[in-house]
Amino acid sequence: MKIHEYQAKDLFRTHSIAVPNGTMITDEEEALSLEGKWGYPCVVKAQVHSGGRGKAGGVKLVRNAKEYHAAVKDILGMTLVSNQTGPEGKRVRRVLIEEGARIQKELYLSIIVDREKGMPVVIASTQGGMEIEEVARSNPELIIREHIHPVLGLLPFVGRKLAFGLGLNKDQQKSFVKILTRLYRLFESKDASLVEINPLIVTADDQINAIDAKINFDDNALYRHPEIVELRDLEEEHPLEVEASKFDLNYIKLDGSIGCMVNGAGLAMATMDIIKYFGGEPANFLDVGGGTSEDRVREAFKILMSDPKVRGVFINIFGGIVRTDLVARGIVNALKNLSVTVPIVVRLVGTNEEAGRRIIQESGMDFVVETDLQAAARKIVNCVKGE
């Protein structure tokens, strides 16, 4: 789950991480009442769940009242298009008005989960204000990484080592270690999957402040944090993803034309890979789960068919925990109430697979049933291409 920058900064404040003063507004009338409150220069920042806002015109430094009103008018309500939003962009419904800062140096700092090593890792760089992915491609030597042992936690020497690597002086190092310690405490206590400050600035008086803030949370741990769930902005999520979350379905909308219904994240990734291998493009990631039910399968299929870009569906179920006959019944029952005109290829393998395939074949509906993964993937790609 993602939250807005202004919400992340509120969490930073509760963990004593220094951020600029600011106020979030949702209309121009609010903006008028705040004119001059934070002095000049100040910053007007679009609040959407996307990076690259500055390059897309969603962040503006203003030096007087005239520039302030022009920036608010330009940004509030705009459709912000960046490399992370896709061509459709995101509508800006909220704007953060924030005081300016006297910047001496810009740094990058984040904590993420290293899934390969199974522990958090701190990533820091002297190239603050830039996209870290671009820094990794062009100047990987400028990125510093330090892993954090999940039992021992963040040891003091790690912060000092990172501060030294960033070229900070003695006073700056002390401030940096405090920020990092508090950031890790936030990361750990709220079950975050990412906390990022870009840029983390050194001010003219040697203070370390977070000018930006980004936090993502582990969806599987949200049951422990109702206060975080309250921060969810459904308007920032695709409507089909919101609908899927009501039924505990792991769904992510993509740009392709082949709808995928799979059980298990690993199999779902492999299914998308093999679709692309044979020249197709997946329309979604959809994991119905290992212990799914007939009702969840029915709702999953409805969500798939609600995507107007879907021109074919590939159902790939491996019955380890889940019974394939239950999946088959869910598919058939869903189709009874839907007008489906796209080809559907079904692969059911595992527990009760013969019963599952029999339900599909005896339904009287137009399914293509395959047992071989490559044959099934090739078939749906060819069907969508009209071959």
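Guide: Let's start with a strand pair. Strand β13 (residues 250-253) runs antiparallel to β15, and four bridges join the two. Strands are DSSP runs of E, at least two residues long, helices are runs of H or I of at least four, and both are numbered from the N terminus. Two strands pair if DSSP finds at least two bridges between them.

Visitor: Which residue stands opposite Asn 284 in β15?
Guide: Lys 253 does.

Visitor: And which way do the residues of β15 point?
Guide: From strand β15 (residues 284-287), Asn 284 and Leu 286 point one way, while Phe 285 and Asp 287 point the other way. All are buried, meaning under 20% relative accessible area with a 1.4 Å probe, protein chains only.

Visitor: Where does this model come from, and what are the ground rules?
Guide: The model is predicted: local features need pLDDT of at least 70, side-chain atom pairs count only at pLDDT 80 or more, and totals for chains, interfaces and linings use all residues. Residues are numbered from 1 along each chain as its sequence is written, and side-chain values use heavy atoms, with hydrogens and water left out.

Visitor: Zooming out, how many helices and strands are there?
Guide: The protein has 13 helices and 18 strands. Its C-alpha atoms fill a box of roughly 75 × 50 × 40 Å along the principal axes.

Visitor: What share of the residues is buried?
Guide: Of the 387 residues, 47% are buried.

Definitions and conventions:
Buried < 20%, exposed > 50% of the residue type's maximum accessible area, 1.4 Å probe, protein only.
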